[in-house]
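Below are some comments on the ligand site and the aromatic pairs. Please read them with the structure open.

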Amino acid sequence: DVQQQKSDSVAAVKHMKWWGWGVEGVAFHHDDKPAFAPFVKKIVGVELSSGQHDTGLKFDDLTVPASIAGPEVVDSLVQIVGADAVATDDHDRVVHTYGKSIRDLIRIRAGILARVPDLVVYPADEAQVQQIVDLAVASDLVVIPFGGGSNIVGSLEPLPAETRTIVSLDMGRLDRVLDIDEDSGLARIQAGGQGPDLEEQLNARGWTLGHFPDSFTHSTLGGWVATRSSGMQSDKYGDIADITKGLRVVRPGGVLAIRAVPSASTGPSLREMIIGSEGRLGVITEVTAQVHRLPEKREILAYLFPSWHDGLAAMQAIAESDASPSVTRVSDSHETAFSFATSKPGKGISQKITDLLPTLLKAKGWDVDAMCLSFIGYEGGPEHVARTQKTVGRIVKANRGMAVGTGPGKLYDQKKFDTPYLRDFFMDHGGAADVSETAAPWSKLRDVSSRVYAAANQAFDRIGVQGWIMGHLSHSYHSGACLYFTFAFEHGDDAEAQYDVVKHAIQQAFIDTGATVSHHHGVGLEHQPWMSQDVSPEGVAVMQGLFDSADPGRVFNPGKVT
Ligand code: FAD
C-alpha cells in the first residue's frame, strides 16, 4: 500500500465531494427564498426542510472493492511519478470512480461501487504521462484520464467486468498557461487546469478563453475538449470545438501533435477526432486555444416575452440579424416560474417583474403563467455593445417582448455557478432531477420542445409520479440552437429505474424529431443506446473502427462513446 504524505502539488489538486457537487461545507438552502419550498411542493409534491441539511452520508459506511493493483505495477508507477503521486487509498479511488450525473449520485449515495479504479496517479508533466501510457500498454493496464470528474454521461466509470488493473490518470497537476502568442490570440494551455485557475492566469495578462460551462468551477480544459463541451458565452467565443486550435495527445510510443493553424486541408480532421473522444484515443496534455482580449464592456440584459413561441422567434431573428451578442437564452414558462421561485424578495428577477406585473397585465394583456424570461449577453467595445443592444431591442419589440434591465442579468451572472448545489439538496429530500440537452435546426425546435414535454409527461404517468419538466434555449447558431431540459420528480425505492424511463423518453423524442442525442454533454455510456440512430449504424462502425485500430489493446477508457 502506498499511503505517503502528498507533496504540495499533488495535495493542491482539487476534487469535489465524493457524494455530490462542489466543495465540502458548501450547500444549498432556501431560507432566504420564501417562494421556493411552496413552489417545489406544488410542482412535484416534495416537502423541503429549512436550514442546511445534513445528508448523514459517511464515507466509512461504503464498502469499497479492494484494489487489485499488484506491487510491480505500483512500484513501476512510483518510479515514474514518485511515491507521493500514486494513491491507492479508498477515498481517492472512490472520488475518481464516477462523474456527477443523477445516476452517479443515486449509486454513490446507495454505496453501489461495482468497479473502482485500482489506483490514482498524478503525473507532473507530459513526459510522465508518456511513461505511464507506455507502461499501461506494456503491462496490459487500463488508463482512464480524469479531469474534474464533472461529466454527466458516465464517461469515467470503469466497466464493471474489467479484470485488468485500472489506473485513473488525474491531470490536475498540469494546470498552467504555458505561453500566449499575443499576435495571434493563441494560448498554449495544459489540459488539467480547472476553469477558474485558467481564467485567472489568462486574465492576469489581459486575455480570456471565453469558455464558461455551468460546471466551470470544477471542470478542466482537457475534459471540455474530450466531451465537446459548450459554455454560456458560446455565441461569441464558440464551442470548445471552435476554441481548440492545436492539441498534444499522448499515445503509445509518442505524442500526436496537431499544430495550431486557423484552418487546414489535411484530410479528415484529426483535431475533430480527438475532440469528443472521451479519453479513448489517448491523453490530451496540452491545448492551443484561441483566446480573446478581455472585453471592455460586459452586460447581461433581461427581457420578457408573452410566450415561448415569441421568445423562440426572437432568438431566431437575432441569430439571423447583424447583432452578435455573447449569450442568447430564453426560458420557457415553466423555467421562468422556477427562476422567480428561487429569487430573494426585494431584489432580483422576481421583484423587478412583480413591480412590472400591473403594467404588463393591464397594458399588454399578457397571461403571466405563459411569460418567458430571456437573458441576452453583450461583450466588447462600448460601440459594439450599444449597436447590438439597439438591434436586439428592435427584434424583441417586434416579437412582443419587453426589456427588464440589467438587474436580473447581474444576479443570474453572479449565481449561475451555485445552482448545481440545489440538486444535492433536492436529493436529500427524496427528489431526483437531471437534464437532457440537444440541438436542432430552427425549423424543428418548436416540435422538439412540444414532443419532449409530451414524452416526459407520459413517462411521469408511467412511473406514477407527479413530475416537472422545464427548458430553455441557449447557444444559438446560424441554422439552429441548443434546447436544454431539466426534469424532476419525487422518486420511489427504485430511483434509477424511474430515471431511466423519463430519460429514455426524452432522448428518444430528440431522435424522433430530428434533433441530436447531445449538443454538449457527450456520449459516455449514457447516450450510447441512441448513437446508431443519431449518426447511423455506418457512422458507429467507422467510429468503432477508429477506436479499434488506434487502441487495439483497449487500454484507453474502453467502452465509452461506442
Ligand atoms: P471528466 O468528467 O473528468 O471527464 C470526462 C471525460 O473526458 C472522460 O471520458 C475522461 O476520461 C475524459 N478526459 C478528461 N480529461 C482528459 C484528458 N486530459 N485527456 C483525455 N481525456 C480526458 N458541460 C458543458 O459542456 N456545458 C455546461 O454548461 C455544463 N454544465 C454542467 C453543469 C453541471 C452541474 C454538471 C454536473 C455538468 C455540466 N456539464 C456541462 C458537463 C461536464 O461539466 C462537461 O462534460 C465537462 O466538459 C467535463 O469536464 P471534466 O474536466 O470534469 O471531465
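**Notes on the ligand site and aromatic pairs**

1. The ligand is surrounded by 35 residues (a residue is near if one of its heavy atoms lies within 4 Å). Pro 145, Ser 150, Ser 215, Thr 220 and Ser 229 are the closest. This is a predicted model, where local features need pLDDT of at least 70, side-chain atom pairs count only at pLDDT 80 or more, and totals for chains, interfaces and linings use all residues. Residues are numbered from 1 along each chain as its sequence is written, and side-chain values use heavy atoms, leaving out hydrogens and water.

2. Domain 1 (8–19 + 55–170) and domain 2 (177–293) both give residues to the shell, so the ligand lies between them. The domain bounds come from an automatic or database domain assignment.

3. Which side chain has an N or O atom 2.8 Å from an oxygen atom of the ligand? That side chain belongs to Thr 227. A polar side-chain atom of Asn 557 is 3.2 Å from an oxygen atom of the ligand.

4. The rings of Trp 18 and Phe 59 have centres 5.5 Å apart and planes at 80°, so the pair is edge-to-face. Rings of Phe, Tyr and Trp (its six-membered ring) pair if their centres lie within 6.5 Å; planes under 30 degrees apart count as stacked, over 60 as edge-to-face and the rest as tilted. Trp 18 is buried at 10% relative accessibility, and Phe 59 is buried at 18% (buried means under 20% relative accessible area, with a 1.4 Å probe and protein chains only).

5. Phe 212 and Phe 216 form a tilted pair, because their ring centres are 5.1 Å apart and their planes are at 55°.

Technical notes. A polar contact is a pair of N or O atoms within 3.5 Å; within protein, one must be able to donate a hydrogen and the other to accept it, and residues adjacent in sequence count only if both atoms are side-chain atoms. Buried means under 20% relative accessible area, exposed over 50%, partly exposed in between (1.4 Å probe, protein chains only).
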